[in-house]
Amino acid sequence: PEPAPGPGAEPVVLHAEDDAILRRAMARRIFGRAGVPFAAATNGREALEAVAAAEARGRPVRLIVLDNQMPEMTGTEAAERLRAQGFQGVIVGMTGDPRNCAERDRFEAAGLDLTVDKDRQGVACVVDVVGLFRAREEVAWGEVAEVARRHGYPYLGGGERAGAAQSAAAATLTVPTVPIASAATTGMAAATPTPATRPGPA
């Protein structure tokens with residue numbers, strides 16, 4: 001992945017896009033102007049590596065802007081793997097596929113929070129989503145949903161569902177501690193352990 005600009009800045013946003021011209025334009029016109037530290041990847045595999053590296057440093061990526069049609073690993077596969085690995089940040093899909101086509105439907109079902117078109121309206125929506133993360137530690141899902149609604153895109157809620165599923169799984173795995181009944185309460189005498197002895201010579 002291409003390094004984030006700014007010395008020592010941990011990326012808050014990850015942009016995965018194989019088109020070098022669009023990648024540079026987004027860096028300059030959106031992430032740079034917003035003042036949000038970012039990193040860039042050229043395919044889904046690099047995006048997974050960048051997310052894992054940030055997580056290992058204790059500074060997880062909070063927003064991913066993800067293209068779909070990329071070499072080595074598509075955005076659909078990357079989003080599915082990210083959610084399966086427990087990523088609970090915001091994933092915004094950015095695609096040239098028309099609405100209601102099968103490719104776009106699969107992309108949106110992979111765990112995205114919203115999908116925008118690669119046009120002026122889509123870029124404006126991404127600008128507003130990125131703006132939510134400027135100098136803020138917490139961003140509510142309702143804020144992401146409101147940005148999507150304002151720009152005419154459906155809120156898909158992939159990250160919100162992933163977080164709820166993980167919380168439910170954690171609750172299921174929590175086993176309550178049950179005290180073991182003592183010998184006195186069960187009416188049974190406690191057995192005195194006998195130390196093990198080594199057999200002598202025959």
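In this predicted model, Arg150 has a relative accessibility of 46% and therefore counts as partly exposed. Its salt-bridge partner is Glu146, with the closest N and O atoms 4.0 Å apart. Glu146 is likewise partly exposed, at 33% relative accessibility. Both residues belong to helix 6, where four residues, or about one turn of the helix, separate them.

Arg81 is partly exposed, with a relative accessible area of 39%, and Glu77 is partly exposed at 29%. In helix 4, Arg106 and Glu103 are three residues apart and so are separated by about one helical turn. Here the closest N and O atoms of the salt bridge are 2.8 Å apart. Arg106 is partly exposed at 45%, as is Glu103 at 27%. Side chains of opposite charge can pair when their charged atoms come close. The structure holds 14 salt bridges, and a network of them links Arg99, Arg104, Glu108 and Asp117.

Strand 5 runs parallel to strand 4 (residues 90-95), and four bridges join the two. Within this pairing, Val92 has Leu114 as its bridge partner. Together with helix 4 (residues 102-108), strands 4 and 5 make a right-handed β-α-β unit.

Attention now turns to the interior. In soluble globular proteins, nonpolar side chains tend to be buried together. The largest nonpolar core has 27 residues, of which Leu63 and Val126 touch the most other members. At least two residues of this core come from each of helix 1 (20-34), strand 3 (63-67), strand 4, strand 5, helix 5 (120-132) and helix 6 (141-150). Leaving aside residues up to four places away in sequence, Val126 touches Met26, Ile30, Val65, Val92, Met94 and Val116. Another core, of 23 residues, lies apart from it and includes Leu48, Ala50, Val61 and Ile91.

Finally, the cysteines can be considered. The structure holds zero disulfides. Cys125 is buried, with a relative accessible area of 0%, whereas Cys101 is partly exposed at 21%. The cut-off for being buried is under 20% relative accessible area, so the 21% of Cys101 places it among the partly exposed residues.

Methods. Residues numbered from 1 in each chain as written. Predicted model: local features only at pLDDT ≥ 70, side-chain atom pairs only at ≥ 80, totals over all residues. Heavy atoms only, no water. Pairing = 2+ DSSP bridges. Right-handed = clockwise from strand over helix to strand, strands pointing away. Disulfide = S-S within 2.5 Å. Buried < 20%, exposed > 50% of the residue type's maximum accessible area, 1.4 Å probe, protein only. Core = buried A, V, L, I, M, F, W, Y, C linked by side-chain atoms within 4.5 Å. Contact = heavy atoms within 4.5 Å. Salt bridge = Lys/Arg side-chain N within 4 Å of Asp/Glu carboxyl O.
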